[in-house]
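This briefing goes through selected features of two protein chains, topic by topic. Keep the sequence and the 3D view open while reading.

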Amino acid sequence: MEHFPILFSAALNPVSPQAVLKDLLKTNERTAAYGLTLTPAAAVQLIETRRIALSDCGRVEIGSDTILKLIDAFSPSAYLQQSEYADTLQELLETFYYMKNETLDEVSDDELIQYMKDYFESRCRGSLELLQHRDLEQMARNVRFGDPSYGEIIDPDAHSLDTYFQEDYDDFYDLGDWE
Amino acid sequence: MNKKETPQAITLLEKNLSNGNLQEEELIHFQTELAELLRRQILAYTRGESNSIKTEVAQNLLQSILYVVDLSLSSEDNDLKLLVSSSLPDLYGKGMAIYQERKAAAKNLLQQVKETKLEIPIKAYTLTIETGFENFFLHMEIPLFAQEADVDIDYPLLQNVPEENGLLYVENYLHRLLLENRFCSCFPQSAVDKLTLGWAKTYHLSAADLMTNLTEMILRNAVFCVLVGRSPFELYLTASECDSLEKKLQSIPEEELPALLEKALAFLLKTIDQEMISTGHGNLIKEIPDLVPYLNGFIDTFLPGLKSSLKNHSLKGQLWVSEPLSSTGETVFIDGHSLSDEELRLLLSDLQDCENSERKTELFISKTNNIEDAMVLLDTGVFTPADLEYLFSRLSSAELGLLSVSLLDPAPMAEERDFSLSHLELPDERMYWVSILFDFLTESETPFRDEVLRHAVSFIHSNVFLDSSDPSFYNEL
């Protein structure tokens, strides 16, 4: 089995990095309209991020469609600025592979990207922190619990703050026999 | 389930890459085609909804492709040529066709296993045959993970399927189970039932919950039945037989045990074959050539336990031993009533007064109803050598067999047993008539002598002694 990992790796990565780089730089033609472009160096870094993220998540990917799909989905967002475009794409890519694992591969690529985009635009208002650690985590939990409407995030504030504090107050001032 | 980790195609590539028979371009070509096949399989696995999957899933998919490709490769030397010169998708397609063909054959094999299924209470056996392969044969097309088999097998075989997986494992398992069914069905149902219940009792389980291989249970007891001279179809040994066999086996050098077991197994199979032929059930060994090599594997698996049990004086733990002198034994000899001391004295006196051998023999036969009395009288020396020769010539083979039990040598296999004097340590008065009996038997015609020998061996294993008062027996005397 000495050469098996080599065969395996070669079988899974038939597309050369140069071809991916070319595809990434070609997206600039579409994203330039939103004021977003990737430099060759940033594109190379993105390819490296993809490799590391896949490896860290114990995943393999055929082709490089995911990066391209993320670019196409997120580039129209009003929350993306050129200054943080490359970094945001790297984070989104890492988040994507992480969430594929967390959702036990139950959610398709396109659906996951769609949910990421929707949460990012609406509930998170461009916050990657909220997207990663609140909404996507909640969605993954829903998937794992077999909730068919896993994409619907229940607002944690639904349990009103007033009620919350009232319960707290009652506990604290539980007078019991004193009354 | 044992798994063969390295596909044959990979072994072949590795071997030829290291010895320079495989060019780098050929390897790259192979990789490219493999990548395309894997890509197709990944998309099939994710139903086109995902481009990425967990590494271990991808590895399993790759293993599956190579498993199917392996099916199209033979073990011949031109496999490498075939592997690098053919298109991999073609080889994969060929492998898929072979897979489906062999799966259909395996389904037929399961049908044969069902048709020969034994009526035994072991649940693991019944469920494995009835429902264990349902999912596997539900769909005949090749699964995404061809190297895996969706089977629920609880029943252990006499010999595990080595290093196979997927369809090849199922094929092998069913083939072996069919051999076992054919072999076990040669034994009487009642004996198999008693054996199964006996083992269950040993394990403090109900027979339904036994997780033991029936063929192994049968072989253990049948082989040891052969060694003690009992019919192997009886499938039981008594505690005393087991004890005496243990002593005999302990006296044999350990390195001779395999040969002894091989002989006993060969004799067992010969006996089964003869029984099958005589009852019109065909020739088992000729009809199933795989059976003998398969059953021979039993010796290797059984030997370590046997050796250790002989060292620890625990042979009984290796076998199912029935209650000593239980009603299951064959009654071949029932002793008659014994004479009182006074009656014996009078008879002895009358014998002394007899004028010739004929008269002595007649008196002895008419008055003696008990083997012990007979031996006491013989020990007295009242019979001259000529009297004894006359007496022995009047006895039937069964009666002589009874008198000559002590002459049997201690060889462990019944087939090899013979009369001998060298092992005997008897008082002089008994040695006197026993040695004359030995000479008489030695000089007898071979068929008659063999018959006496057969009776002597069977008397050893009988439960009770001959009824010497039964006229049908003693009339001959």
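In chain A, 63% of the contacts with a separation of 6 or more are between residues 24 or more positions apart. The model is a predicted one. The points below start with chain A as a whole, go on to a helix pair and a loop residue in that chain, and then turn to chain B.

**Chain A overall**

- The secondary structure of chain A consists of 8 helices and 1 strand.
- Along the sequence these elements come in the order α-α-α-β-α-α-α-α-α.
- Chain A has 179 residues, and 41% of them count as buried.

**Helices α6 and α7 of chain A**

- Helix α6 (residues 109-121) of chain A packs against helix α7 (residues 128-144) of chain A at an angle of about 125 degrees, and their axes are 10 Å apart.
- Because of that angle, α6(A) is oblique to α7(A).
- The crossing of α6(A) and α7(A) is right-handed.
- On the α6(A) side, the residues that meet α7(A) are Leu112(A), Tyr115(A), Met116(A), Tyr119(A) and Phe120(A). Their partners in α7(A) are Leu128(A), Leu131(A), Asp135(A), Leu136(A) and Met139(A).
- Sorted by class, this contact of α6(A) with α7(A) has 9 nonpolar residues, no polar residues and 1 charged residue.

**Tyr150 of chain A**

- Tyr150(A) is in the loop between α7 and α8 (161-172) of chain A.
- Is Tyr150(A) buried or exposed? Tyr150(A) counts as buried because its relative accessibility is 15%, and the cut-off for buried is under 20%.
- Setting aside neighbours within four places in sequence, Tyr150(A) is in contact with Val107(A), Glu111(A), Tyr115(A), Tyr119(A), Met139(A), Asn142(A) and Val143(A).
- Tyr115(A), Tyr119(A) and Met139(A), which are among these contacts of Tyr150(A), also take part in the contact of α6(A) with α7(A).
- Gln138(A) is 12 residues from Tyr150(A) in sequence, and their C-alpha atoms are 8.4 Å apart in space.

**Helices α1 and α3 of chain B**

- The axes of helix α1 (residues 8-18) of chain B and helix α3 (residues 55-72) of chain B come within 7 Å of each other and cross at roughly 80 degrees.
- At that angle, α1(B) is roughly perpendicular to α3(B).
- Gln8(B), Ala9(B) and Ile10(B) of α1(B) make the contact with Leu66(B), Val69(B) and Asp70(B) of α3(B).
- By class, 4 nonpolar, 1 polar and 1 charged residues form the contact of α1(B) with α3(B).

**Helix α5 of chain B**

- Helix α5 (residues 88-115) of chain B has 28 residues. From its first C-alpha to its last, α5(B) reaches 40 Å, close to the 40 Å expected at 1.5 Å a residue.
- Which residues of α5(B) are buried? They are Leu88(B), Leu91(B), Tyr92(B), Gly95(B), Tyr99(B), Lys103(B), Ala106(B), Leu109(B), Leu110(B) and Val113(B).
- In an α-helix there are 3.6 residues a turn, so residues three or four places apart point the same way.
- The buried residues of α5(B) pack against α2 (24-45), α3, α4 (79-85), α6 (123-130) and α7 (166-184) of chain B.

**Positive phi values**

- Most residues other than glycine have a negative phi.
- Leu104(A) has a positive phi, near 55 degrees, and is placed in the loop between α5 (82-102) and α6 of chain A.
- Leu235(B) also has a positive phi, near 60 degrees, and is found in the loop between α9 (214-228) and β2 (237-238) of chain B.
- Leu235(B) has a relative accessible area of 0%, so this residue is buried.

Key:
Residues numbered from 1 in each chain as written. Chains lettered and ligands numbered in written order. Predicted model: local features only at pLDDT ≥ 70, side-chain atom pairs only at ≥ 80, totals over all residues. Heavy atoms only, no water. Axes fitted to C-alpha atoms, helices over the stretch in contact; angles between N-to-C directions. Helix = DSSP H or I, 4+ residues; strand = E, 2+ residues; numbered from the N terminus. Parallel < 35°, antiparallel > 145°, perpendicular 65-115°, else oblique. Contact = heavy atoms within 4.5 Å. Nonpolar A, V, L, I, M, F, W, Y, C, P; charged D, E, K, R; others polar. Expected span 1.5 Å × (residues − 1). Buried < 20%, exposed > 50% of the residue type's maximum accessible area, 1.4 Å probe, protein only. Left-handed = near helix turned anticlockwise from the far one by under 90°.
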